Amino acid sequence: MKIAIIGAGNLGLSIAKGILKSNGATKMYLTKRNIADIEHFEKYGIVTVTSDNREAVKNSDILIFAVQPLHIAELLEDLKDLLTENHVIISTITGYSIEKMENILGKDHNIIRSMPNTAISVGKSMTCICANEKGKKRIELAKAIFNRMGHSMEIPEVQMQAATVICASGIAFWMRLIRATTQGAIQLGFDAKEAQELAMHTCDGAAGLLIASGNHPEEEIDKVTTPMGCTIQGLNEMEHHGLSSSLIQGIVASFDKISEFKKVNQ
Ligand SMILES: NC(=O)C1=CN([C@@H]2O[C@H](COP(=O)(O)OP(=O)(O)OC[C@H]3O[C@@H](n4cnc5c(N)ncnc54)[C@H](OP(=O)(O)O)[C@@H]3O)[C@@H](O)[C@H]2O)C=CC1
Ligand SMILES: O=C(O)[C@@H]1CCC=N1
């Protein structure tokens with residue numbers, strides 16, 4: 001598969017790393033305007049780094065757009081004469097609807113809208129996707145691409161903003177929880193490195209338990225909470241201080257913000 005990542009910034013490079021890790025491409029173009037900081041990717045023989053988006057498009061089958069929302073319209077206008085019905089066009093752009101892409105490109109292109117997260121670099125992204133009418137025939141291919149780098153879910157486009165908050169912003173939310181756990185572990189006597197190791201692997205284990213078992217979190221909590229024990233004591237104290245409530249309120253605040261972007265973009 002020949003893949004171009006147009007806009008190799010934070011997310012684009014995370015995707016590139018995920019593709020390299022999973023041997024997901026035979027050839028890969030990485031583009032941005034200033035390429036000095038990503039030229040070292042050429043050490044992987046299959047990668048070409050260039051600021052020439054047109055060259056990348058001409059030589060690739062799968063095009064992953066990962067520029068900031070303010071750049072996408074102009075970019076699509078610049079490239080639309082090169083885009084064919086054979087290209088699979090995958091957008092990661094927050095708040096940029098399929099309709100807006102079709103307004104520029106027309107309806108005869110395979111357009112997939114996706115929402116990965118930066119854990120794609122280590123093959124662990126939760127990626128939500130949807131497609132335009134034409135792109136529905138290629139959605140299995142898009143899913144296969146993202147499944148090599150984590151887990152994917154097809155969702156209605158109307159849920160894309162919510163998916164952005166839970167999955168993409170979610171990486172930051174979980175990081176903060178891991179950091180807080182680390183700080184707690186330091187207070188209990190572990191050094192900083194040990195504390196982070198304990199926090200992140202316990203987090204990984206908790207998610208792993210749910211993924212493997214399909215259980216509800218509370219079922220796993222019941223197995224840990226000895227009556228009158230230390231776990232329930234800590235958990236209840238956290239809830240008295242609003243742990244669940246503050247997470248839910250943060251998620252809703254994030255969604256309110258992304259909904260504002262949407263109004264501005266419309
Ligand atoms: N970061 C994240 O976790 C997630 C981001 N997203 C979405 O993905 C997109 C990218 O986000 P993110 O990676 O954080 O942003 P970045 O700003 O880190 O990356 C965007 C890149 O696009 C490049 N760029 C700008 N204009 C062009 C152009 N005309 N041609 C080629 N490249 C160009 C920029 O480099 P240069 O200036 O050198 O051209 C920059 O490196 C956004 O739309 C964001 O909403 C979605 C999910 C998660
Ligand atoms: O914070 C943001 O607005 C973007 C969307 C998802 C990740 N970064």
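The following paragraphs describe the overall build of this predicted model, then its domains, its nonpolar core and its ligand surroundings.

The protein comprises 266 residues, of which 31% are buried. Its C-alpha atoms occupy a box of roughly 70 × 40 × 30 Å along the principal axes. The secondary structure consists of 10 helices and eight strands. Among contacts with a separation of 6 or more, 62% join residues 24 or more positions apart.

The domain assignment divides the protein into domain 1, residues 2–155, and domain 2, residues 164–265. Taken over C-alpha atoms, the centres of domain 1 and domain 2 are separated by 31 Å. Contact between the two domains involves nine residues of domain 1 and nine residues of domain 2. On the side of domain 1 that touches domain 2, five residues are nonpolar and four are polar, with no charged residues.

An unreviewed UniProt entry places the feature "domain: Pyrroline-5-carboxylate reductase catalytic N-terminal" at residues 2–93. That span is 32% helix and 24% strand, and its end C-alpha atoms lie 21 Å apart. The annotation "domain: Pyrroline-5-carboxylate reductase dimerisation", likewise from an unreviewed UniProt entry, covers residues 157–260. Over residues 157–260 the chain is 84% helix and 0% strand, with 17 Å between the end C-alpha atoms.

The interior may be considered next. In soluble globular proteins, nonpolar side chains tend to be buried together. Here the largest nonpolar core contains 52 residues, and Ile-5 and Ile-64 have the most contacts inside it. Beyond its neighbours within four places in sequence, Ile-5 is in contact with Ile-64 itself, and also with Gly-12, Ile-15, Ala-16, Tyr-29, Leu-30, Thr-31 and Ala-66.

Ligand 1 is surrounded by 26 residues, the closest being Gly-7, Gly-9, Leu-11, Arg-33 and Thr-94. Helix H1 (10–21) and helix H3 (69–79) each contribute at least two residues to the shell around ligand 1. By class, the shell around ligand 1 has 11 nonpolar, 13 polar and two charged residues.

Around ligand 2 lie Thr-94, Thr-164, Ala-168 and Ser-169. The shell around ligand 2 holds one nonpolar and three polar residues, and no charged residues.

Note on methods: Residues numbered from 1 in each chain as written. Chains lettered and ligands numbered in written order. Predicted model: local features only at pLDDT ≥ 70, side-chain atom pairs only at ≥ 80, totals over all residues. Near = placed C-beta within 6 Å. Nonpolar A, V, L, I, M, F, W, Y, C, P; charged D, E, K, R; others polar. UniProt positions renumbered as here; feature names shortened; annotations may be inferred. Helix = DSSP H or I, 4+ residues; strand = E, 2+ residues; numbered from the N terminus. Domains from an automatic or database assignment. Contact = placed C-beta atoms within 7 Å. Core = buried A, V, L, I, M, F, W, Y, C linked by C-beta atoms within 7 Å. Buried ≥ 20, exposed ≤ 12 C-beta atoms within 10 Å, placed from the backbone.
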